[in-house]
Amino acid sequence: MRRIRLYNARILTMLDGCEVSRGEVWIKDCVIEKVILSETTDVSAFYFDEEIDCMGNLLLPGFKNCHAHGPMTFLRSYADDLPLQKWLNEKIFPAEAKLKKEDIYTLMQLAVLEYISSGITTSFEMYFYPEVIAAACKDMGFKVVISGTVFGNDDNKDEAIETLKNDYSKLHKCNDLVDYRLGFHSEYSCSKALMEDIAKLSEELKAPVYMHNSETEKEVNDCIKRYGVTPVQLMDNLGLFEYGGAGHHLVYTTEKDREILREKNIYVVTNPSSNLKLASGIAPVKEYLDEGIKVAIGTDGPASNNNLNFFKEMYLTSALQKVKYKDAAAVSPYDILKMATVNGAELLGLNECNSIAEGKQADIILIDLLRPNMQPYNNIVNNIVYSGSVDNVLMTMIAGKVLYVDGKYRTGIDPLDVYARANYIIRRIECSL
């Protein structure tokens, strides 16, 4: 048993609106043992293995990155300034075809280093070789949920379904840090028969399904030409939404689409940086919230972002809605922060990680308020969303273990070694193209 005391802190539990309290948090192994909302506490009768003076800084539930392709770190700044389909077909897919299975381990390690320095305590990864992603995250103590990413036509649909079944069997809730969900790449990369079989598998397992959905106007228009309906309506017709799930992006939706999303409890994962950089558009987040549709936030991959900075995603989610609707109060900072923490945890099935409360998992970050960008304390929640930075992340704790503190990593790996291996991988791939 290991006990940690985080004291002299401001605490935003995410249980009680945007109220910030003074107090301390006790952690026993991986679980929050006590939350004491009092400035003075007598601890003379208690023993702690580690006591951390938070110096009046803010404890907050960790951010949940609900859509990412972490191993695409090797393509950061490699194929910029192209529209989505050209970017995918001419640059990304050819480079990915040169990846080796062992490359994924290094590239995911690089992503995790960036995640934890950004205050991200869980990511939802959609990429190849999920067992390697799981191993990299487990070895570093990082929490990950992995989505299936199959695609294909009628000729290889049986192989794709077998892959989903096998990965689900091996990785679904396989340990405290790793989970797996059914998923496929997108409507435009899968045949109708393959999507029908995924729906059957969802029914068999009583499991939600996740996919890229309605990211561009072209994607939506092409789907209407093929099937006479939008991607959302097609997937609903095929039975893919019977057990919930999420659509990544959902930039272009109709009133009927949104009715389906609400009724089937489908989450929207907005990815503002990626959608801007690929010129895909701005998702109607305000309308989703107004219509009772839950929204979470993702970074997408470092090939289309190009970084994994969650503060940037929160700011853009807010600012873009102001511009889209010409309304300075379109989405409140607290609602943005809720998307980044509570909603993200619920989407991933991690309700035990959605707040700072007794009995919850100790997935906690410490935000440095003693920086110029966080002063004065007019509104701490607004400061986080509007002026926060990765430089404000003092500590990232996952399952009761401190993985990042004061700019130093406690992951058991040498970051310089990871950087060197990642550079070798992309140089090798470039030489083979």
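The model is predicted: local features need pLDDT of at least 70, side-chain atom pairs count only at pLDDT 80 or more, and totals for chains, interfaces and linings use all residues. Residues are numbered from 1 along each chain as its sequence is written, and side-chain values use heavy atoms, leaving out hydrogens and water. Helices are DSSP runs of H or I with at least four residues, numbered from the N terminus.

**Helix H12**

- H12 has 15 residues. Its first and last C-alpha atoms lie 20 Å apart, close to the expected 21 Å. The expected span is 1.5 Å times one less than the number of residues.
- A kink of about 45° is centred on methionine 339. The bend at a residue is the angle between axes fitted to the seven residues ending there and the seven starting there.
- H12 is mostly covered, with twelve of its 15 residues buried. Buried means under 20% relative accessible area, with a 1.4 Å probe and protein chains only. Among the buried residues are Pro333, Tyr334, Met339, Asn343 and Leu347.

**Leucine 337**

- Leucine 337 lies in H12, which covers residues 333-347. Leucine 337 counts as buried because its relative accessibility is 0%.
- Leaving aside residues up to four places away in sequence, leucine 337 touches Leu12, Met14, Leu60, Phe63, Met314, Val381 and Ile384. Contact means heavy atoms within 4.5 Å.
- Methionine 314 is 23 residues from leucine 337 along the chain, and their C-alpha atoms are separated by 7.4 Å.

**Alanine 330**

- Alanine 330 sits in the loop between helix H11 (310-325) and H12. Its relative accessibility is 11%, so alanine 330 counts as buried.
- Alanine 330 touches Lys286, Gln321 and Lys322, not counting residues up to four places away in sequence.
- Alanine 330 and leucine 320 are ten residues apart along the chain, with 9.3 Å between their C-alpha atoms.

**Helices H4 and H5**

- H4 (residues 157-171) and H5 (residues 192-205) pack at about 30°, with axes 9 Å apart. H4 is therefore roughly parallel to H5, a term for angles under 35 degrees.
- Axes are lines fitted to C-alpha atoms over the stretch in contact, and angles run from 0 to 180 degrees between N-to-C directions.
- The H4 and H5 crossing is right-handed: the near helix is turned clockwise from the far one by less than a right angle.
- Residues of H4 that meet H5 include Ile161, Leu164 and Tyr168. On the H5 side, they include Leu194, Ile198 and Leu201.

Definitions and conventions:
Helices (H or I, at least four residues) and strands (E, at least two) are DSSP runs, numbered from the N terminus. Buried means under 20% relative accessible area, exposed over 50%, partly exposed in between (1.4 Å probe, protein chains only). Angles under 35 degrees count as roughly parallel, over 145 as roughly antiparallel, 65 to 115 as roughly perpendicular and the rest as oblique.
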